[in-house]
Amino acid sequence: MAALTGSDQALPLCFLPDYLDETVGRFGERLAVDFLGRTWTWADVGVAAERIAAGFQQLGIAKGDRVGLCLPNSPFSLIAYFGVLKAGGTVVNFNPLYVERELAEQVVDSGVRTMVTLDLHLIFDKVEALRERGLLDRLVVCQMVEALPLLKRALFRLVKGRERVRVPVDEAHIRFADLVATKAPFRPVDVDIHTDIAVLQYTGGTTGTPKGAMLTHANLSANVEQVKAAFPGARPGEERLLAVLPFFHVFAMTVLQNYSVATGAEIVMLPRFELKQLLKTIARTRPTLLPGVPTLYSAINRAPAAKRIDLSSILYCFSGGAPLAEAVKADFEALTGCTLVEGYGLTEAGPVVSVNPLDGVNKIDSIGRPLVGTRVRVRALEAVDDADGESEGPGAGEDRFLDVGEKGEIVVSGPQVMKGYWRQDEESAAALRGGWLHTGDVGYIDEDGYIFLVDRIKDLIVCSGFNVYPRAVEDALYRHPEVAEAVVIGIPDSYRGQAPKAFVRLHAGASATKADLLAHLADQLSRIEMPKAIEIRQTLPKTMVGKLSKKALVEEEARRVAEGEGQPD
């Protein structure tokens with residue numbers, strides 16, 4: 001019988017702003033936000049969100065209209081997010097570090113006409129250029145100084161004055177503060193939580209082409225309830241979460257922002273990751289929960305300053321976004337005394353699918369068991385075509401599900417799975433065929449129902465007809481004591497078609513050579529898995545949330561091939 005892990009279970013679903021209203025009612029006088037030392041209560045946040053919702057309505061934002069948020073973590077991002085939703089609109093998250101071209105593509109595809117942004121040249125200038133090109137009608141501009149404590153305001157004006165924008169005052173540029181101060185009445189909107197889109201979250205999906213995942217209020221509230229169930233010891237109204245991961249990323253949006261709103265947890269916000277500031281903030285605010293990515297925990301482990309501050313307030317940590325190395329988990333738990341568990345998700349699932357239990361067995365290299373109400377199976381990578389019985393490759397014919405221990409594509413069903421891709425009917429049908437979300441990740445399920453990932457289907461390296469999983473090579477490299485980070489991609493090979501290439505960053509002060517690393521791998525990998533090339537670098541490219549960026553290295557290699565360059569010495 002094919003392996004199946006997880007269960008069907010009904011969950012309480014809601015209109016996302018209902019979480020905020022309930023928390024304001026229960027914990028109104030408790031702290032909701034700490035931003036660089038300035039604080040807001042839940043009552044403050046609730047009032048501001050309703051005021052800006054009324055302001056959006058006065059601007060003509062109606063049910064279903066898409067409103068863009070191009071902001072770093074700040075009180076503005078939290079208030080604008082729930083204000084848009086209260087007004088019946090759809091939030092479209094934008095990465096403020098995107099270049100103008102990337103922002104333009106997403107604006108055009110989503111149909112956003114109103115963008116909420118910040119009065120810093122680094123972000124504002126790109127968004128204003130889109131308005132000047134006619135791609136946006138108006139900008140709602142947040143003033144950074146208004147979010148800072150009084151002393152930091154003065155220092156910011158003095159030191160960062162040149163970074164600030166003098167924003168015009170006209171109908172195309174509305175100050176965030178003016179919108180919050182509107183006297184217009186708020187008009188509640190009738191929203192269908194199962195069909196109306198709360199967030200249009202852009203992702204590369206399973207094909208690499210950016211698409212907007214349509215996440216309904218039901219999808220996102222289901223995932224909040226599932227995350228709550230995964231942290232049964234969390235105390236409503238008493239926890240304090242440190243939010244250094246950006247809210248415009250789906251992981252932080254759900255696990256940090258929405259979860260905190262739903263449970264009345266205080267959100268300690270940082271606008272970006274800077275290790276020194278992060279450690280000072282931990283010492284000052286003593287957070288109890290620290291969701292993150294492996295590189296965040298690894299950076300804390302390596303920081304000498306981390307040994308000199310009290311980290312014992314941190315009780316639970318949830319790692320996602322990339323594989324969590326056993327050594328990173330063990331070192332962080334020893335440093336803090338907390339429990340660090342690894343989970344798994346993807347944008348199309350709101351995003352969390354599975355997690356290791358906080359109070360049960362944590363299996364090394366496993367992404368845990370499915371969240372409550374979630375089912376996971378493994379699909380054979382080669383499906384059988386109905387017409388002639390011939391194998392047509394991934395996606396052809398009917399899915400065949402595999403038994404315990406057999407490797408194939410992870411597929412998921414549950415209430416957190418998206419409605420589909422925005423204006424992409426064929427892509428939606430392919431991703432959601434048969435009632436299962438096809439993740440593009442290769443893995444297997446063990447006899448206890450724990451899920452193990454092997455790699456991404458698109459990252460598989462086919463050498464002389466054999467599948468080579470980059471993660472297997474990376475894991476072997478990480479077992480070398482001097483390797484801090486490793487990424488493996490496929491490069492063209494005239495004989496084998498493709499071959500693995502490894503990019504490595506060593507620990508500070510390490511002296512391992514390429515020959516040393518190859519010797520280390522010799523008894524850990526088969527000949528077909530051995531890297532054709534190893535490139536040792538001072539730094540490796542990362543995404544905004546701190547994941548090692550395989551995409552950037554693949555693009556770099558493609559340029560190198562196109563320009564006829566050989567491999568570096």
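Helices (H or I, at least four residues) and strands (E, at least two) are DSSP runs, numbered from the N terminus.

The model is predicted: local features need pLDDT of at least 70, side-chain atom pairs count only at pLDDT 80 or more, and totals for chains, interfaces and linings use all residues. Residues are numbered from 1 along each chain as its sequence is written, and side-chain values use heavy atoms, with hydrogens and water left out.

**The whole chain**

The protein chain has 16 helices and 26 strands. Its C-alpha trace spans about 70 × 60 × 50 Å along the principal axes. For 569 residues, a compact globule would have a radius of gyration near 25 Å, and the 24 Å of the protein chain agrees with this. That radius is taken over C-alpha atoms, and the globule rule is 2.2 Å times the number of residues to the power 0.38.

Of the 569 residues, 56% count as buried. Buried means under 20% relative accessible area, exposed over 50%, and partly exposed in between (1.4 Å probe, protein chains only). Contact means heavy atoms within 4.5 Å. Among contacts between residues at least 6 apart in sequence, 69% join residues at least 24 apart.

Helix α9 (residues 250-263) has 14 residues and reaches 18 Å from its first C-alpha to its last, close to the 20 Å expected at 1.5 Å a residue. The expected span is 1.5 Å times one less than the number of residues. α9 is mostly covered, with 14 of its 14 residues buried. Just after α9, G264 takes a positive phi of about 70°.

**Two residues**

Where does V404 lie? V404 is in the loop between β17 (375-379) and β18 (408-413).

| Residue | Relative accessible area | State |
|---|---|---|
| I123 | 6% | buried |
| V404 | 44% | partly exposed |

Not counting residues up to four places away in sequence, I123 touches C70, P72, P96, T117 and L118. With the same exclusion of residues up to four places away, V404 touches A3, I445, D446 and E447.

Each residue can also be paired with another one. I123 and R153 are 30 residues apart in sequence and 19 Å apart in space, C-alpha to C-alpha. V404 and G83 are 321 residues apart in sequence and 46 Å apart in space, again C-alpha to C-alpha.
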